[in-house]
Amino acid sequence: MTKRIKQKLEGLHNKYTFNLSSPRIRFGENVYFEENGCIFLSKADDVDEANANVLFSTEDIGFSDAHIQQIRISPDQRYMAASLKSENSEEATCVIMKLDHFPVMEKVIPNIFSFEWATSDVLFYTSQKNLKCQEVFMTTFTNERHTKLVYTEQDARFFVDIYCTKDRRFLTINSNSKTTSEVWLVDCSHPFKSPVLVQARTKGVIYHIEHRNDELYILTTYGEPAEYKLMKAPVASSGMENWQLFYALEEKTKLIDLEMFSNHCIMFLQHTGHLYLNVISFVSHSIQSIKLPTWACAFELESHPEHTTSTCYFQLSSPVHPPKCFAYSFKENNLIEQAEQEVPIIKNCHTTRLLAKSKDETLVPITVFHNINSKELHRKPLLVHVYGAYGIDLNMSFKEEKLMLIEEGWILAYCHVRGGGELGLSWHKDGCQHNKLKGLQDLKACIMLLHELGFSQPKYTALAAASAGGVLAGALCNTDPELIRAMVLQAPFLDVLNTMMKTHLPLTMEEQEEWGNPLADEKSMKYIKNYCPYQNIKPQHYPSVFITAYENDQRIPLTGVLKYVQKLRKAARDHASKTDRKGNWIPNIILDIEAKGSHCDSSWEDSLNEVARHLAFLNKELDKE
């Protein structure tokens, strides 16, 4: 069955991804792009990629087992910095190439996270160690070459990255915890001067910086309500007391992304499950709001659009709709659907948006996909997806396997429970620390509503989750195992209590703002114990479980997963031995440990194998083969 599924997925992959080009970086008349481990240079007006020049390949520079993550071009296009990452590591290596007729590797910097050019020969970068980034360095490519430490973060809960404002006036050094941030500015015209603080960190206030015409545009949670809003302040007096409101979001609206252009600001928003594009003109001070196609669930902006461009390009997709290209013209003030692509939009899939009433009466959004031609939906298999942590949305981008399931008559449901970010920052706050159980109650309410409305039934229902989504999925298996027949987990977080008590682990300190601190707070200890999947395993009926874990996973210790599987198997056996009913069912509990790959980050080939095994397992468990 795995082999059959693999063949089908490979066919879909070839069908739907061959026409999707890799991200382009436009730089004046030049366009840089990466394909199959090679960096190419072409002219912006040349549509024939066959005329592009190969600058270099990962093999040429001795990194044949790595893939290129991101590239940054120096302002005069003499240098290129590129980060390379192997699939078995979270740390990347940065190589700096001098772009002559024959590009030469000038420098190799290991363990790098983010990097930006301040000038044509000064590069700033952050170093990563044990999943933490707390130092910023500057390295020069002038005649007198040197590297020096520019910034050090002392608080273990904070993570540092760097960013270049779209007009290239400032580099920002951003130090962020899960709830608080602080930004320092480096003037790109004077990169050797000390960074200048925008606003000292204030507990609970997150802010990010853009720049236009000597004014800082500040995307921040400051003020009421504690949701993102756009404010502005003069560069010379950037303190919070000078921040003035420029644009506020509507209630229960999620800001997905913001992009600054020379005369416009574009916001991608999500409201009541639908995507919107808001365009603010700095010239006319007008705001145009455009509702994007109803099938769209995810978007991706063009990589590094030019600051002065007259058109903003982006792609829309959903789990079952391959990416489709769109553009917004600032001149025409309208949305343009790019010329019909070789692969048309999927027509046989119906998208439904529902609201489930949770235990405390809160309405929880669910996005449901099913085949238009499906009859007797209550007899069809249902795959429920959940995450609900860190204020991160469920991944709603295109996946070949989701389209395959729709074609085979499955129903797909995405439960946007509290703890995630789908309804803004308050949605996350309402599902973290001492509110974690609300996410569990939301998930239960979603599955029960789906069954009530005739979308499948428990014996044909499976649950899928990855990483921190394993907390709610594993907790549901303990509290309401009768709601589902099977569960597939990828690199799941299952032992919250023991992990949060081990301060030597790289992420424990910064994760306290999400889960609480059981070492310092008895209330947190009891609360985590109340829902932690590992702590609450008991002899009872359980669904079948398939877990994929990674040997090299630095984020989810393998020991926690092994202990969970061992305890779950024992509980299932104990339950079976105590109930002598005829035909007593013992769940299959399978652990698949991958030697390759790191946390939820595998190559296409390895990912294909994992997905095929998951789907074969689900077909067998739900008896739908």
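Is Ala 44 buried, partly exposed or exposed? Ala 44 is partly exposed, because its relative accessibility is 41%. Here buried means under 20% relative accessible area, exposed means over 50%, and partly exposed is in between, with a 1.4 Å probe and protein chains only.

A word on the model. It is predicted, so local features need pLDDT of at least 70, side-chain atom pairs count only at pLDDT 80 or more, and totals for chains, interfaces and linings use all residues. Residues are numbered from 1 along each chain as its sequence is written, and side-chain values use heavy atoms, with hydrogens and water left out.

Back to Ala 44. It sits in the loop between strand 3 (38–43) and strand 4 (53–57). Strands are DSSP runs of E, at least two residues; helices are runs of H or I, at least four; both are numbered from the N terminus. Which residues does Ala 44 touch, leaving aside neighbours within four places in sequence? Gly 28, Glu 29 and Val 31 are in contact with Ala 44. Contact means heavy atoms within 4.5 Å. Asn 30 is 14 residues away along the chain, yet its C-alpha atom is 5.3 Å from that of Ala 44.

Now the whole chain. It has 10 helices and 35 strands. Of its 625 residues, 56% are buried. The C-alpha atoms fill a box of roughly 80 × 55 × 50 Å, along the principal axes. Take contacts between residues at least 6 apart in sequence: 55% of them join residues at least 24 apart.
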